[in-house]
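Thanks for coming, everyone. I have one structure for you today.

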Amino acid sequence: MGIATGTVVAGKVIVEGLDLPEDSRITVLTPDPGGEVHLSREEEDELLAAMAEADRGETISAEELFARLDRIAKL
């Protein structure tokens with residue numbers, strides 16, 4: 001599993017530099033232009049803290065992220 005960013009061109013998602021086999025199943029996350037996100041004060045604080053960590057370069061690798069997600073999924 002990996003993460004890639006693309007652009008919609010003529011109604012199709014184009015991801016430069018990503019070579020997937022024909023008929024690959026993918027998941028696309030999109031912002032809901034009409035929707036709103038409501039966060040509690042605690043959730044907003046957590047989000048702001050996480051954004052500040054990322055801005056400082058305090059991140060983990062994709063491999064570590066997926067390993068953590070796998071561990072959570074097995075609980």
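Look at aspartate 23. Is this residue buried or exposed? Aspartate 23 is exposed, because its relative accessible area is 74% and anything over 50% counts as exposed. Where does aspartate 23 sit? Find the loop between strand S2 and helix H1, which spans 41–55. Aspartate 23 has a positive phi, about 70 degrees, and yet aspartate 23 is not a glycine.

A word of care before we go on. This is a predicted model. The average pLDDT is 85. Of the residues, 95% score at least 70. Strand S2, residues 12–14, has the lowest confidence, with a mean of 88. Helix H2, residues 62–73, has the highest, at 92.

Now the layout. The protein has 2 helices and 2 strands. Along the sequence the order is β-β-α-α.

Go to the loop between strand S1, residues 7–9, and S2. Alanine 10 is placed there. Alanine 10 counts as exposed, because its relative accessibility is 79% and the cut-off is over 50%.

Next, helix H1. H1 is 15 residues long. From first C-alpha to last, H1 reaches 21 Å, close to the 21 Å expected at 1.5 Å a residue. Just after H1 comes glycine 57, with a positive phi of about 85 degrees.

Stay with H1 for one more residue. Alanine 54 lies in this helix. How accessible is alanine 54? Alanine 54 has a relative accessible area of 44%, so it counts as partly exposed. Alanine 54 and leucine 20 are 34 residues apart in sequence. In space, their C-alpha atoms are 29 Å apart.

Let's zoom out to the whole chain. What is the radius of gyration? The protein has 16 Å, whereas a compact globule of 75 residues would have one near 11 Å. Along the principal axes, the C-alpha atoms fill a box of roughly 40 × 35 × 30 Å.

What share of the residues is buried? Of the 75 residues, 1% count as buried. The protein exposes about 7400 Å². Carbon and sulfur atoms supply 55% of that area.

Last, the charges. There are 7 positive and 17 negative charges.

Alanine 10 is exposed, and aspartate 23 is exposed. That's my tour.

How values were computed
Residues numbered from 1 in each chain as written. Predicted model: local features only at pLDDT ≥ 70, side-chain atom pairs only at ≥ 80, totals over all residues. Heavy atoms only, no water. Helix = DSSP H or I, 4+ residues; strand = E, 2+ residues; numbered from the N terminus. Rg over C-alpha atoms; globule rule 2.2 N^0.38 Å. Buried < 20%, exposed > 50% of the residue type's maximum accessible area, 1.4 Å probe, protein only. Areas by Shrake-Rupley, 256 points an atom, 1.4 Å probe, with all protein chains shown as cover. Lys, Arg positive; Asp, Glu negative; His and termini not counted. Charge placed at Lys NZ, Arg CZ, Asp CG, Glu CD. pLDDT = per-residue confidence, 0-100. Expected span 1.5 Å × (residues − 1).
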